Structures are given as C-alpha cells and as structure tokens.
Amino acid sequence: MQLSERFLTLVQQQLTTLQSEADLQQVVVYVAQSKDGQSPSLEAVGQWPTGGKPLPPVEADDGLRAPSPDRRWYPLQEGSILLGVLRAERFAVDQDWSETLDLRLQATAAALAQCLGLELDRRRLLDQLSQQREQIGLMVHQLRNPLAALRTYAQLLIRRLGPES
C-alpha cells in the first residue's frame, strides 16, 4: 500500500513530539502490509530518532519477538481490525514504565490509528474514482464510434439528396 506524504509527515511529527521523554530510546510505527497471496507483515513507516538505518519488517527481526520489560507495543486499531503498531523502547532502567508516558504513548497510538484509518479510506476512494474514470472513458469511447458512423451516413445522405431536397 502506498501511503501519502501527508500521512508519513504526520507520523514523523507525532514521533518527534516524544523526543522530550528522557526514558525513550526508540519509537517506531509499523503499518500492516499485505502482499499478493502472502500473510500480512508489519512494515516500518516512521521511527524516532530519525537518521537510523531502515528497519526490517517485524517478522524478520527475531529480537523483537522476545519479551522485554523495556519494550511496549501499542496497537493501531480501527474497531477489531489491526492496522499497525507503535513500538516503544526505553533505556534499561530498574523502575516500571511511568503512567504518564504510557498514557501519552496510548494517545499517540490512538491518534495514528485514526489517521491511518482515514488514509486507508482516502486510498480506497481514490481507487474507486480511478475505476469510475476508466469506465466513463470506455463508455465515451464506445458511444463515440456509433455516433461517428451516424454522422458519416448523414453526410452521405445529404450529398445524395442534393440541395433541392
């Protein structure tokens, strides 16, 4: 799925707002991508801090499958549909995650889920519009051929009849 630049910019802005959190080491946003005939995978679409190497899909990184007290996953859901996840990693500390940080990450994940839902709706509507344009173009083309034939027959008939008729 091709995501718009507006959505990707919004993701990066949301992640940048988390830079004031001293405990956070890395925050990554993944979007569920389905390829033809394959099971969906979680592809990274934004990360903080920026400038790091591109991250592989979650399925390709075995280290992410192991539980860690310094990693949290926040779902990007619309109803019962999982659209993606937000992964937060913090520096190793002995204390639990602060409630304010947890709430902030939940709010960020909820906002990104809403925006991702809107992005998917936008993509679906653009695809429908493109299909409708194709169908209208085909109909106009098919209508143009009979009209051109009728015009030619009318011109021939006018020539045959002459100016007095």
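Predicted model: local features only at pLDDT ≥ 70, side-chain atom pairs only at ≥ 80, totals over all residues.
Local features were required to have pLDDT of at least 70 and side-chain atom pairs pLDDT 80 or more, whereas totals for chains, interfaces and linings use all residues. Residues are numbered from 1 along each chain as its sequence is written, and side-chain values use heavy atoms, with hydrogens and water left out.

Eight salt bridges (a side-chain nitrogen of Lys or Arg within 4 Å of a carboxyl oxygen of Asp or Glu) were found in a search of the whole structure. One of these joins arginine 104 to glutamate 21, with 2.7 Å between the closest N and O atoms. This pair links distant parts of the chain, 83 residues apart, since arginine 104 belongs to helix α2 and glutamate 21 to the loop between α1 and β1 (24-33); helices (H or I, at least four residues) and strands (E, at least two) are DSSP runs, numbered from the N terminus. Arginine 104 is partly exposed at 27% relative accessibility, as is glutamate 21 at 21%, where buried denotes under 20% relative accessible area, exposed over 50%, and partly exposed the range in between (1.4 Å probe, protein chains only).

Within helix α2, arginine 122 and glutamate 119 are separated by about one helical turn because they are three residues apart, and the closest N and O atoms of their salt bridge are 3.0 Å apart. Arginine 122 is partly exposed, at 30% relative accessibility, whereas glutamate 119 is buried, at 6%. Arginine 123 and aspartate 127, four residues apart in helix α2, form a salt bridge with a closest N and O separation of 3.9 Å.
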